[in-house]
Amino acid sequence: MKKKQKLLLAVNIVIISALFILNYFYQSNGFDFTLKCVCSTLFALLGIINLIYSLADKADNKKFHISMAVGVIFAFLGDVLIEYGLITGAAMFAIGHICFVISYCFIQKMQKLDYIVSGALFLVGVLFFSFCPGFSFDSEIIRAVALVYTLILSTMLGKAVGNLVRDKSLVNKTIALASALFFFSDTMLSLHYFTELFSWSYNACMGTYYPSLCLLVLSMCLKLIKPNRED
């Protein structure tokens with residue numbers, strides 16, 4: 001590993017560690033909006049740093065890095081805008097998730113297994129919304145948004161799992177774990193918004209949300225380290 005790659009990895013570790021600490025204070029201070037913005041700025045900034053490095057170093061598969069960086073920027077926008085409107089924030093997150101799926105496709109093209117796993121996850125999500133006690137949507141528009149969002153999330157996790165099954169590289173393992181945490185985090189978010197079943201659901205949401213974003217931006221760094229590059 002080159003010195004500049006070691007430096008990049010060190011920067012990733014330092015910023016991610018700082019974000020983990022700030023996430024604790026964010027939750028322990030009643031989900032303070034300012035702290036949330038700081039946390040979200042950190043993962044977006046790290047995504048941009050990794051993207052700049054990939055472009056400056058003329059790394060392989062630049063489209064992966066561009067799509068991933070755009071995805072974390074939209075995740076940042078979702079974090080901010082969801083405070084002003086659920087649908088607006090959800091739209092930003094949805095665009096971000098689509099960017100993540102696209103970035104996964106730059107590692108491997110969509111294949112039959114990806115569609116099967118994604119479809120199974122979507123079915124589980126639909127059943128969850130339909131039969132979980134206590135679920136209440138304010139309108140049919142909100143229900144439709146939730147279903148579309150579930151489809152995108154299911155595709156994101158299904159594609160990550162498919163990539164991992166075919167190639168068990170460190171990058172794919174990191175992305176699969178991040179996608180699973182994202183899926184769980186948004187499940188907890190839906191429980192927070194649409195039910196009153198668990199008082200701790202938002203803590204569980206944010207406790208897994210930031211780690212998932214950190215792992216996604218870390219995957220950019222890992223892919224920039226030569227042993228993980230693909231020619």
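Trainee: What should I know before I start?
Mentor: The model is predicted, so local features need pLDDT of at least 70 and side-chain atom pairs count only at pLDDT 80 or more, while totals for chains, interfaces and linings use all residues. Residues are numbered from 1 along each chain as its sequence is written, and side-chain values use heavy atoms, with hydrogens and water left out.

Trainee: Is C39 buried or exposed?
Mentor: Buried, with a relative accessible area of 0%. Buried means under 20%, exposed over 50%, partly exposed in between, using a 1.4 Å probe and protein chains only.

Trainee: New topic. Where does N163 lie?
Mentor: In helix α6, residues 140–166. Helices are DSSP runs of H or I, at least four residues, numbered from the N terminus. N163 is buried, at 2% relative accessibility.

Trainee: What does the side chain of N163 reach?
Mentor: The backbone oxygen of Y104, at 3.2 Å. N163 also touches I107, Q108, D114 and N172, leaving aside residues up to four places away in sequence. Contact means heavy atoms within 4.5 Å.

Trainee: And I48, which helix is that in?
Mentor: Helix α2. I48 is partly exposed, with a relative accessible area of 33%.

Technical notes. Helix = DSSP H or I, 4+ residues; strand = E, 2+ residues; numbered from the N terminus. Polar contact = N/O pair within 3.5 Å; in protein donor to acceptor, adjacent residues only side chain to side chain.
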